[in-house]
Structures are given as structure tokens and as C-alpha cells.
Amino acid sequence: MRKILLWALAAVLPFLSWGLFQYHHIVQIGEVSAPELADVIVLLGAAVWPSGPSPALQARIYHAAELYHGGYSDSLILTGGLGQHPPAEAEAMRDALIGLGVSEAVLHLEDQATNTVENLKYSREIMNREGWVSAIIVTDAFHVRRALLVAADLGIVASGAPAKNSVLYRNPDLRFRYTVREVFASTGYYINRLLRRW
């Protein structure tokens, strides 16, 4: 019985160590990331509720508007397709940003993406078309590290701008829950990237 327990511990320990390392790194990057002047602000989508942008999406929208008005960039890409409730995330973000004093002329919509990789892949197409190289990625703190990793893999020079006024950040229970979920999402991305290189 003791040998079985030791074997089980030996089998589980590497995965536990990996998970703890990933959790710490996700938290660290979300804490220290800060926006740098860039060609464009890329606002990653989140859920739209029947009443409009979810609280998480609202926090991202407000943060993107602050960066725009603060002079970090004079253009924005709004990326996110249609989720469970219309309109598409990009369209909901556009309407909210216009209401926050952002000119519609500087908003570039990408309304087809359904995940982080597509968000940034389709945003890069817009960036290439406009001749942009650098971006500020606005998302939740727990999501910044994976977003920056995907951006780097796509050749985007990016800095992260975590929306720390989000309820998903301010509520410790939600922050823990979504950070743990991000550990699994990041691990899946690493595995898929490795398989693509093979």
C-alpha cells in the first residue's frame, strides 16, 4: 500500500508543481503588466449579457477608454464575435466606447473571433493592413500572460493592460477561480503549440 501511495505521489507531483508554477506566473504577469505607447489598443472581448456588456466586459471597455483618452494610442481594435446573446462583442464594445467619448472613426471592428487565438490572429490582419506593429492588449489580469504569449507567437509587439477594476479581479474568490481556469487554458495552449511545431 505504501509503495502505491509513493508511486501515486510521484505521478501527481510533477503536474502539481507545473500547476503551481503556472498559477504564480499568471498572477505575477497580471500584477506587473503595464501599457506602453503603441500603434493600437486591442480590446479583447468578453461576454455580452441580454442587458448589454457583462461587468467583466464593461471593465475592459472603461480601461481601454482611459488608455485612449490618456494618449497611449489613437486607434483601437475591438475583437469578439457573437456569443450567447447579441450583438457581437465587438459591436457592444463600439457602442459603449462611443458613449465614453471615443470617436467611431478610430474604432476597427473584428466581429468573428471566438477565442483568444482568433482574437489576436484576426487583429493582426487588421494591424498588417494598417501598417501597425505594436499593440496594447486590454483584458483581465489573469488573462494577460496568455494573451501576450499568443501575441508574441503571432509577431505582435505587445504590452498588457489588465482591467483591475473588473469584478473578476476585485473579488478574491472569482480571481482565484478564473486564475485556476487560466492555468488549464494556458497548459492547453502550450500543448497545442508544441504539437503544431512537431
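How much space lies in the largest pocket? About 610 Å³. This is a predicted model, in which local features need pLDDT of at least 70, side-chain atom pairs count only at pLDDT 80 or more, and totals for chains, interfaces and linings use all residues. Residues are numbered from 1 along each chain as its sequence is written, and side-chain values use heavy atoms, leaving out hydrogens and water.

## The largest pocket

A pocket is an open set of points on a 1 Å grid over the protein atoms alone, with protein on both sides within 12 Å along at least five of seven lines; lining residues have an atom within 4 Å of a point. Here 28 residues line the largest pocket. G45, A46, A47, R60 and R181 lie nearest its centre. Two or more lining residues come from each of α2, α4 (116–130), α6 and α7. The largest share, four residues, belongs to α7. Helices are DSSP runs of H or I with at least four residues, strands runs of E with at least two, numbered from the N terminus.

## The cavity

A cavity is a set of grid points where a 1.4 Å probe fits but cannot get out. The whole structure has one of 30 Å³ or more. Helix α1 (2–32) gives the largest share, four residues.

## Salt bridges

A salt bridge puts a side-chain nitrogen of Lys or Arg within 4 Å of a carboxyl oxygen of Asp or Glu. The search finds five. In one of them, E31 meets K164 at 3.8 Å, N to O. This pair links helix α1 to the loop between β7 (157–162) and α6, 133 residues apart.

R60 pairs with D140, with the closest N and O atoms 2.8 Å apart. R60 sits in helix α2, D140 in the loop between β6 (134–139) and α5 (144–153), 80 residues away. Both are buried, meaning under 20% relative accessible area; exposed is over 50%, and partly exposed lies in between (1.4 Å probe, protein chains only).

## Helix α3

Helix α3 spans residues 89–99. E89, A90, A92, M93 and L97 are its buried residues.

R94 and D95 form a salt bridge at 3.1 Å, N to O. R94 is partly exposed at 23%, and D95 is partly exposed at 44%. After α3 comes G101, with a positive phi near 90°.

Definitions and conventions
Grid points are joined across faces, edges and corners, and a volume is the space filled by probe spheres set on the points.
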